[in-house]
Amino acid sequence: MELLLNGHQYRRFQEAYFSAVFEEYELNLADIRVLLFLYEHKSCDTARDIVENHYLAKSYVSKSVEKLIEHGFLERKHLQEDRRYVHLLVREEAIPVIEEVRQQKQKMLERLFQGISPEHIAVLQEIAGKISSNITDISR
């Protein structure tokens, strides 16, 4: 869905809703996206997973991961079975941030879709998913 809304205008819209979180926790939008992704996708727990699934640049992910570790919100872990990969775990200290972000995200989405029926939102999600799939197929 964000595919259709990605751009400068949507980014400013998001920043307006998350500005208090940014200031309180010294985070930016990329940091929040990384943290939410790891929290919501437990099986995708490497920086590579974030880059591939969330379409963020490696440099943004790397900087965000470092900042989130410094703030105590993430930790690195190597699994005994395969030490080549660094897995990222969301720490308990991140839960208040995540809850606040989720509340703000809900408010943001309510405002974004104000006056749009649930049926139209469902159609938009379906179309956005198909467009995203088409783009992914072309880029392989």
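Select glutamate 52 to start: with 45% relative accessibility it is partly exposed (buried means under 20% relative accessible area, exposed over 50%, partly exposed in between, with a 1.4 Å probe and protein chains only). The model is predicted: local features need pLDDT of at least 70, side-chain atom pairs count only at pLDDT 80 or more, and totals for chains, interfaces and linings use all residues. Residues are numbered from 1 along each chain as its sequence is written, and side-chain values use heavy atoms, with hydrogens and water left out.

Arginine 48 and glutamate 52 form a salt bridge, with 3.1 Å between the closest N and O atoms (a side-chain nitrogen of Lys or Arg within 4 Å of a carboxyl oxygen of Asp or Glu). Both sit in helix α4 (residues 47-54), four residues apart, so about one helical turn separates them. Helices (H or I, at least four residues) and strands (E, at least two) are DSSP runs, numbered from the N terminus.

Move on to arginine 91, partly exposed at 31% relative accessibility. A salt bridge joins arginine 91 to glutamate 75, 3.7 Å from N to O. Glutamate 75 is in strand β1 (residues 74-78) and arginine 91 is in the loop between β2 (86-90) and α6 (95-112), so this pair ties together parts 16 residues apart in sequence. Glutamate 75 is partly exposed, at 36%.

Through shared partners, Glu75, Arg91 and Glu93 belong to one network.

Across the whole structure, a search finds seven salt bridges.
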